[in-house]
Amino acid sequence: MNIGITVYPTYGGSGIVGSELGRDLAERGHNVHFISSVLPTRLTELNERIHFHEVEMMSYALFEHQPYDLALATKMATVARAEKLDLLHVHYAIPHSISAILARESIKQKRYVPVITTLHGTDITLVGADRSYLPITRYGLQQSDGVTAVSKFLKQATIETFDFDDVEVIPNFICGKHYFRTPDAPLRKELAPNGERLLVHVSNFRAVKRAVDCVEILAKVRAAGENAKLVMVGDGPELSAVRYRGEQLGMNGNVVYVGKQANIADYLGVADVFLLPSELESFGLAALEAQACEVPVIATRIGGIPEVVNEGESGFLSDVGDIEKMSVDTLKLLGNEEMRRTFGERGRDLAISRYSTEKIIPQYIAFYEKTINKAKTAAA
Ligand code: GMT
């Protein structure tokens with residue numbers, strides 16, 4: 001197939017999922033055309049099957065905000081015709097599905113290119129649910145030729161918010177060859193030179209991630225006598241609040257802020273416990289990545305997280321903001337190497353058996369074929 005993929009290239013889990021999906025599809029012999037403003041971060045190399053088409057935008061003084069959605073639609077239509085795309089697959093509904101529908105409609109006399117929208121999270125639960133975007137998001141869902149969601153939770157949220165239920169659940173995935181435990185890697189010695197236990201958090205540091213809770217947990221864990229350090233991976237708007245709270249608690253000497261990292265698996269591979277205290281999480285890709293690296297997860301019992309983390313088997317779940325319980329659970333794990341090992345192994349087991357690329361990518365391919373055939377039948 002010739003597949004067009006659009007993602008948010010620089011920020012967030014949906015960009016990672018879309019990029020890794022494209023890379024895997026190319027390895028399976030499909031031609032993948034990424035259409036976005038810049039090369040997606042996780043897409044380090046292009047080859048004869050992976051192409052990148054940059055959305056070009058003319059800037060004009062009259063525009064207070066440049067109309068990216070229209071430039072994207074134009075690029076999608078141009079690429080769809082030039083590369084004979086079989087479908088456009090967009091990740092995150094807003095505004096990508098609307099741009100793709102516009103592109104499809106603008107060229108449909110020449111070539112009908114079906115649109116598949118994959119819902120990732122706040123495009124449904126937060127931004128899409130806001131009255132400023134709700135009607136257009138619903139229209140995007142109704143007009144897409146196929147819609148997928150990354151968790152059962154997100155499908156249910158789509159039904160409740162948009163009264164739209166034609167959604168196929170295709171969960172996020174992990175490549176077991178890229179994510180694994182590396183306890184003896186030099187990075188471990190670098191981060192924990194005195195044998196400290198490593199708590200790791202990975203996010204884009206938006207308010208929904210509640211990254212400040214990680215510092216609170218570290219303070220409690222250390223107060224209980226554990227020689228632990230916290231490694232904060234990523235960057236975003238809440239990072240300064242985290243640093244500020246770390247300073248107040250006198251914890252910053254025990255926190256390593258490493259910023260955005262190209263290879264998250266390096267940090268997960270040396271972690272003892274992974275922290276994900278989010279307020280909202282439709283799936284929790286970072287928790288899946290941690291589990292694939294045999295790291296037990298301390299997370300909140302919200303959204304799609306209970307679909308990914310098996311409570312009491314691969315991690316412990318708490319109510320949002322229950323720092324006390326999250327700290328107690330972290331201490332339980334840090335104080336019991338056997339439990340950490342068993343949870344880690346179970347996490348890897350779950351990650352590979354339920355969410356490996358081998359299992360999930362064929363579901364996308366089958367969905368592509370079904371959607372293309374449905375569109376052909378409708379046109380006949
Ligand atoms: O929905 C968002 O906030 C953005 C999105 C992203 O692009 O980062 O995150 C969502 O998609 C990820 C990949 O499918 C999921 O793992 C995250 O749980 C989800 N984030 C939220 O629901 C807050």
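Let's start at Tyr60, which sits in the loop between strand E3 (50–54) and helix H2 (68–82); helices (H or I, at least four residues) and strands (E, at least two) are DSSP runs, numbered from the N terminus. With 45% relative accessibility, Tyr60 counts as partly exposed, on a scale where buried means under 20% relative accessible area, exposed over 50%, and partly exposed in between (1.4 Å probe, protein chains only). What you're looking at is a predicted model, where local features need pLDDT of at least 70 and side-chain atom pairs count only at pLDDT 80 or more, while totals for chains, interfaces and linings use all residues. Residues are numbered from 1 along each chain as its sequence is written, and side-chain values use heavy atoms, with hydrogens and water left out.

**The surface patch**

**Two domains**

- The chain splits into domain 1 (2–173 + 357–379) and domain 2 (186–355), with bounds that come from an automatic or database domain assignment.
- Taken over C-alpha atoms, the centres of domain 1 and domain 2 are 31 Å apart.
- Where they meet, 23 residues from domain 1 and 20 residues from domain 2 take part in the contact, which here means heavy atoms within 4.5 Å.

**The nonpolar cores**

- In soluble globular proteins, nonpolar side chains tend to be buried together.
- A nonpolar core is a set of buried Ala, Val, Leu, Ile, Met, Phe, Trp, Tyr and Cys residues joined through side-chain atoms within 4.5 Å.
- The largest one here has 75 residues, and Leu25, Leu268 and Phe274 have the most contacts inside it.
- Leaving out residues up to four places away in sequence, Leu268 touches Tyr179, Val200, Val202, Phe274, Glu289, Ala290, Cys293 and Val295.
- Another core, of 26 residues, lies apart from the largest one; Leu239, Val255, Phe316 and Ile323 are among its members.

**Helix H11 and what follows**

- 8 of the 8 residues of H11 are buried, so this helix is largely enclosed by the rest of the structure.
- Its buried residues are Leu285, Ala286, Ala287, Leu288, Glu289, Ala290, Gln291 and Ala292.
- Just after H11, Glu294 takes a positive phi of about 60°.
- Pro296 lies in the loop between H11 and strand E12 (297–300), and at 1% relative accessibility Pro296 is buried.
- Not counting residues up to four places away in sequence, Pro296 touches Asp272, Val273, Phe274, Ser314, Leu333, Arg340, Phe343 and Gly344.

**Salt bridges**

- A salt bridge here is a side-chain nitrogen of Lys or Arg within 4 Å of a carboxyl oxygen of Asp or Glu, and the count comes to 25 salt bridges.
- Arg28 pairs with Asp24, their closest N and O atoms being 2.5 Å apart; Arg28 is partly exposed at 39% relative accessibility, whereas Asp24 is buried at 12%.
- Glu168 pairs with Lys370, with the closest N and O atoms 3.2 Å apart.
- Glu168 lies in strand E7 (residues 168–169) and Lys370 in helix H15, so this pair ties together parts that are 202 residues apart in sequence.
- Glu281 and Lys209 form another salt bridge, with 2.9 Å between the closest N and O atoms.
- Glu281 is in the loop between strand E11 (273–276) and helix H11 (285–292), and Lys209 is in the loop between strand E8 (197–202) and helix H8 (212–223), so the pair links parts that are 72 residues apart in sequence.
- Glu281 is buried, at 11% relative accessibility, and Lys209 is buried too, at 10%.
- Glu20, Arg23, Arg42 and Glu289 are linked in a network of salt bridges.
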